[in-house]
Amino acid sequence: MSDTDKGVAVRARGLVKNYGMTRALDGVDLEIPTGQVLGLLGPNGAGKTTTVRILTTLLRPDSGEAEVAGHDVLTDPDGVRRSIGLSGQYAAVDENLTGFENLYLVARLYGQRKAQARRRSRELLARFRLDEAADRPAKGYSGGMRRRLDLAGALVGSPSVVVLDEPTTGLDPRGRIEMWEVIEQLVATGATVLLTTQYLEEADRLADSVVVIDRGKVIAEGTPDELKNQSGGERLELVVGSAEELPLAMRVLGEIGSGEPTVDGRARRVDVLVDTGTKALVEALRRLDAQNVVVQDAGLHRPTLDDVFLSLTGRGTGEEVPS
Amino acid sequence: MTSMTKVLSDSGVITWRNVVNVRRNPEWLLGATVFPIMFVLLFAYVFGGAIGGPGGGGLAYREFLIAGIFAQTVAFNSSYTVIGFANDLQKGIIDRFRSLPMSRFAVIVGRTTADQVLSVVVLVVLSVCGLAIGWRIRGSVVDAVLGYLMILLFAFALSWVGAYIGLITPSVEVANSAGLIWMFPLTFISSAFVPQESLPGVLRTIADWNPFTAAVNATRDLFGNVSPPGWPEPSGWPAENAALYAIISSIAIIAIFAPLATARYRRVASK
Ligand SMILES: Nc1ncnc2c1ncn2[C@@H]1O[C@H](COP(=O)(O)OP(=O)(O)O)[C@@H](O)[C@H]1O
Ligand SMILES: [Mg+2]
């Protein structure tokens, strides 16, 4: 798909932001073609929220420039605000207001007239499956419902650029899948979306392209597939019935995998990176079965942000690096 | 929409939101009605005998007391602004507002105005309670309305101080105390409950020049309520020009704290 002729909805160049001695952003560049979804992927503290805050005019960068929907964040913040919808890292829901009142409030502040604000709020409540709870105070909403209400708030003004900061962090698996479906619907309407996440899986499902940041710097960019390939594909994991079978399992996985297998003796678990996915899994099980090895558990794991990180930086996401 | 109508419309919407917010809070009913009524009864009947003196106690003291209690209750409502802002900052709601194409000023005006909307409700409740214990408006209706407006104006000014406090406090917990603590010296070192002349030394000077004293004295006067017989009449420029002094102080407080709060709002970032 060629989007170059449709223009760029978000463009940031050389964003730098310091908090005292902490360099939160160290020259971040990013660009989102109109109508596309960019996943900003990084571990905790990478600088995702800081980037989001600069692009949504909540924070001024120390240096660098950014344009959103054709408006400069520094010289025309009001223009930016008219064009964006933000759903922050923590759901900005007014607990004492009902779901309807929360949206109506935002609609009125976008400048909609009363009747229009009422209509738009009801429409979004229905779309986000909150119509049953619409007239109850948000205090009683579940985490997932709050998140959806917050996201609905970001869409009230029909913004051309939607910014979602970790929309699924803290949700249970069901809440996460519901949120993904809602975001996919949003994308189908043609909005440009900036989405931050700590999960490669989420970026893979939702984003057209991914920018990986770490300690305020962009360390990789590309499509989700490119990133997954960069991290060496999928990981095949087996648990065998007894410790005596481990060396045999290691040998088999060593032949099938694309790298050295690693072993966890206590859990009787062996794993290895594979390029051929399910084929490799079937092949491994077939060979082990032929040797009468009891396989208690087997699975293929998609690479996580941790795996990408390991391959990009040589360390895990949780590891502190002395600066 | 022109920018001025947008500011007004935004302020109205935010006021509505804040009033609904406080009203839905179960503590509101207690804070708005039970506490002030209890205060009226405590002062009137527990302290009243001693403060009013053997001859002048009872009914005369209750008449004196009402304007003071009204003003104090309404002043305390500025804490809704303090706690409200601290809450909105913590919950990320200020971030949401700051990302919207709305008037920044409206976020604060909507707070300080909401306090006064709530205050009107409380004043109605308190007036009924006052009437029940023998308080009467002895002047004209117009004067009485001006009396109510006087304390609302002063309370409005205090809400701007509250807005600034709410925007500088680091947490909701701190805001809970910070919103109330300055209210005690402000409202008690005054003529709200005792004759200001009865206060010792420097406290008397503070009470004399306390704008809250002026607001109370002006309202008392507009209600046509007088001090119990035998009490010294307050003297000095602030006492003799109570209404003027109260109005000037209110405007001065707003002139100082509105820009401070607005500037603070611009920089403030949610935690
Ligand atoms: N208000 C702040 N004051 C001081 N340091 C901050 C502040 N906000 C963020 N930081 C620091 O900046 C870095 C980036 O933070 P952030 O953008 O929130 O990361 P992320 O959203 O990716 O988790 C972190 O080291 C964080 O501790
Ligand atoms: Mg963050």
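Is A:E178 buried or exposed? With a relative accessible area of 13%, A:E178 is buried (buried means under 20% relative accessible area, exposed over 50%, partly exposed in between, with a 1.4 Å probe and protein chains only).

## Ground rules

This is a predicted model, in which local features need pLDDT of at least 70 and side-chain atom pairs count only at pLDDT 80 or more, while totals for chains, interfaces and linings use all residues. Residues are numbered from 1 along each chain as its sequence is written, chains are lettered from A and ligands numbered from 1 in the order in which they are written, and side-chain values use heavy atoms, with hydrogens and water left out.

## Salt bridges

Over all chains, a search of the whole structure finds 30 salt bridges (a side-chain nitrogen of Lys or Arg within 4 Å of a carboxyl oxygen of Asp or Glu). A:E178 takes part in one with A:R174, where the closest N and O atoms are 3.2 Å apart. Both residues lie in helix α6 (residues 173-188) of chain A, four residues apart, or about one turn of the helix. Helices here are DSSP runs of H or I with at least four residues, strands are runs of E with at least two, and both are numbered from the N terminus. A:R174, at 63% relative accessibility, counts as exposed.

Now for a pair that crosses between chains. B:D95 and A:R53 form a salt bridge with their closest N and O atoms 2.7 Å apart. B:D95 sits in helix α5 (residues 93-98) of chain B and A:R53 in helix α1 (residues 48-55) of chain A, so the pair joins two chains. B:D95 counts as buried at 12% relative accessibility, and A:R53 counts as buried at 10%.

## Strands of chain A

Chain A has 11 helices and 14 strands, and buried residues make up 50% of its 323 residues. Five of the five residues of strand β3 (residues 37-41) are buried, so this strand of chain A is largely enclosed by the rest of the structure. In a regular strand the side chains alternate between the two faces of the sheet. For β3(A), one side holds A:V37, A:G39 and A:L41 and the other A:L38 and A:L40, all buried.

Strands count as paired if DSSP finds at least two bridges between them. β3(A) pairs in the parallel sense with strand β8 (residues 192-197) of chain A over five bridges, and A:L41 has A:T197 as its bridge partner there. β3(A) also pairs in the parallel sense with strand β9 (residues 209-214) of chain A, over four bridges; A:G39 stands opposite A:V210 in β9(A).

Elsewhere in chain A, four strands form an open antiparallel sheet in the order β2-β1-β4-β5. Its edge strands, β2 (22-33) and β5 (71-72) of chain A, each pair on one side only.

## Nonpolar cores

The largest nonpolar core has 132 residues, and B:F70 and B:F97 touch the most other members. A core here is a set of buried Ala, Val, Leu, Ile, Met, Phe, Trp, Tyr and Cys residues joined through side-chain atoms within 4.5 Å. Helix α7 (residues 141-168) of chain B supplies the largest share of this core, 14 residues. Apart from it lies another core of 27 residues, including A:L15 and A:V163.

Leaving aside neighbours within four places in sequence, the contacts of B:F70 include B:W135, B:Y148 and B:F223 (contact means heavy atoms within 4.5 Å).
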